[in-house]
Amino acid sequence: MACEIKVPGFAPRISSALSELRRLRKSIREPLPLRHMSSLQKLKAAAARRDLAIILDVSPRNLAYILYKTAPDTKYTRFTIPKRHGGEREILAPSLGLKLVQQKLASVLQDCSDEIALSHVKPGNGRRHGIAHGFKRHHTIMTNGRVHVTRRFVFNADLHDFFGTINFGRVRGFFIKDRNFALHPDVATVIAQIACFENKLPQGSPCSPVISNLLAHPMDILLSSLAAKHSASYTRYADDLTFSTNNPTFPPEIAALNGDHTWVPGAELDRLVSRSGFAFNPSKTRLQYRDSRQEVTGLTVNQKVNVPATYRYTVRAMAHSLFTTGAFEFVYKKRDTNGTIILENRKAGENKQLLGMLSYIDHVDRFNHKLAIENGREFESTAGRVALFRRFLYFDLFYGLREPIIVCEGKTDNVYLRCAMKALSATYPSLVEAGAPPKLKVRFYKYAETRTGEITELTGGVGGICKLLKHYHTDVQHCFKAPAPRFPVIVLIDNDKGAHSVYEAIAGITKKKKPQGLADFIHVTSNLYVVPTPRGPNNSETAIEDFFDEATLKEELNGRKFDRSNHTDDKPGFYGKGHFARDVVAKKAGTINFDGFTAILDRIIKVTDDYQAKLAKP
């Protein structure tokens, strides 16, 4: 009979030894000392597909499966999108696994690009913008346009089929022959296999932009030298080439006037671009004079980088239509059969389109503000554009609702109410749709440290609530004339000392006596309501945490107790509201007794009923 001998502590030691043995075996198989090496050094040291997989943090087996076992017709999904000036552009969207590999490759190559650029910066000069501005860190259409501000002439030309011109052989050859990379041929081959499809860089791949920039860099150097030779400036944004100068005449080597009075690339420029393996799109070349509107990558550059005034006026008109009618027409540009740009309307514009346009204007304004501050100059006030942006966000968030929205004082309150509603879904079918999991029929305002949070001034707390009440009342009174909102905005506040400033704001809006926090809810204006937490025993002040049962409030985390006044964990022996919401309420929602929240949810129901009754009145 076999005899089993158990030695205390022996099994853990064996397990530890086996783990160490596996680690040592792995290090023996791994030929690259990757730790403490830059991305470029890692690539240059790689000698096989397996090495590249390790650099990309991908399983070598998975990489091989994605590249060689996956059927070609399942690697990409084809679809088209409309071009800015008419026509359609084919997009090849990679499958999820391939996209992940391409994203990691793009990140590694971007690191390499940054490393190469920094190696050419002289000590003390700091970071400088390069020639190419598209798809690069710290580069935008604004940095691209800034180079060409206040110039006598601005010449634009586009490359034809920029991504499609770069084929598998060019990608592989570049990474082998380029002196900055000089990669092992096997590694260069795998990079090309990851990046290319149907013998070209697909538009839609995350790594196509960075690879195209790398391959176009030698051309950029040649064109930059050509520009400098003739006292001109040169930049490239993807396939968009721009030259500008203050010379009395534009250099004919760069652009020349054709017989039909159109400007075409000059002979020397055309020669250098052809030598680099690219070609021009003859229908997209133009020379812009100082006394006309000069545009570079969609921005005017006559005096400063700016969004064209016609664009801003169009956005303002679209927003006005939305505020007054509840809808707007999305205006876009298109080229007719003669190549002339015309404006066309497409009915039923979507709010997300207008959001993108307003964000774009705001992004350019902030770029100019930053430049002005850095250079010690005064900058143009954009308060009107910021106010329009805020007004749109308020309309989209609170007026054009598709379900009721609840605005709490902070992120943790959202967690409490979500969990309570789901736990009590059987009691509140108008708030929660039964199912697995239950689906809420209301939406919560999501606090986030983003630009839109800055614009709305909803940064959490009582101060943000007061600004919401005042701004929204002004908007409803003077701007929002669209059909009445279908659902209410429910602002939930703690009924404590902080609530007094909210009550004062309500009194200023309604011109009524200041509320005392005794009512179930307060109708402020239009579809906006304030719901205070119910008073406690002897009319005592309350906060939302008071509606948890005692056992939940006494939950300890690693020996620490919950401190309700603490929003962080800076108090020894205690944890704050963030951990309470995340690690206690959310994680243990299935075992928590949420019955105390019925008093709050009942008030929310009363608000929805009251607003529907108001809508029903003639």
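Q: How many salt bridges does the structure hold?

A: Side chains of opposite charge can pair when their charged atoms come close. In this predicted model, the count comes to 28 salt bridges.

Q: Which parts does the salt bridge between D475 and R390 tie together?

A: The side chains of D475 and R390 meet with an N to O distance of 3.0 Å. D475 belongs to helix α18 (residues 461-478) and R390 to helix α15 (residues 383-399), so this pair links parts that lie 85 residues apart in sequence.

Q: Are D475 and R390 buried or exposed?

A: D475 is buried, at 1% relative accessibility. R390 is buried as well, with a relative accessible area of 9%.

Q: How are E454 and R451 placed in helix α17?

A: These two residues are three apart in helix α17 (residues 451-456), a separation of about one helical turn. R451 is partly exposed, its relative accessible area being 24%.

Q: How many disulfides does a search of the whole structure find?

A: A disulfide is a covalent bond between the sulfur atoms of two cysteines. Here the search of the whole structure finds zero. For C196, the nearest cysteine sulfur is that of C207, 8.1 Å away, and C196 is in no disulfide.

Q: Which residues have the most contacts inside the largest nonpolar core?

A: In soluble globular proteins, nonpolar side chains tend to be buried together. The largest nonpolar core of this model has 68 residues, and F155, F175 and F181 have the most contacts inside it. Helix α11 (residues 208-229) supplies the largest share, nine residues. At least three residues of the core come from each of domain 1 (37-117 + 167-200) and domain 2 (130-161 + 213-304).

Q: Which residues does F181 touch?

A: Leaving aside residues up to four places away in sequence, F181 touches L40, L43, K44, L109, C112, I116, F174, F175 and L214. A second, separate core has 62 residues, including V149, V301, I455 and V476.

Q: What span should helix α14 have at 1.5 Å a residue?

A: The 24 residues of helix α14 (residues 351-374) should span 34 Å, and the end C-alpha atoms are 35 Å apart, which agrees. Just after α14, G376 adopts a positive phi of about 70°.

Q: Where does S276 lie, and is this residue buried or exposed?

A: S276 is in the loop between α12 (267-275) and β8 (280-289). This serine is buried, with a relative accessible area of 17%. Residues up to four places away in sequence not being counted, S276 touches R170, M219 and L222.

Definitions and conventions:
Residues numbered from 1 in each chain as written. Predicted model: local features only at pLDDT ≥ 70, side-chain atom pairs only at ≥ 80, totals over all residues. Heavy atoms only, no water. Salt bridge = Lys/Arg side-chain N within 4 Å of Asp/Glu carboxyl O. Helix = DSSP H or I, 4+ residues; strand = E, 2+ residues; numbered from the N terminus. Buried < 20%, exposed > 50% of the residue type's maximum accessible area, 1.4 Å probe, protein only. Disulfide = S-S within 2.5 Å. Core = buried A, V, L, I, M, F, W, Y, C linked by side-chain atoms within 4.5 Å. Domains from an automatic or database assignment. Contact = heavy atoms within 4.5 Å. Expected span 1.5 Å × (residues − 1).
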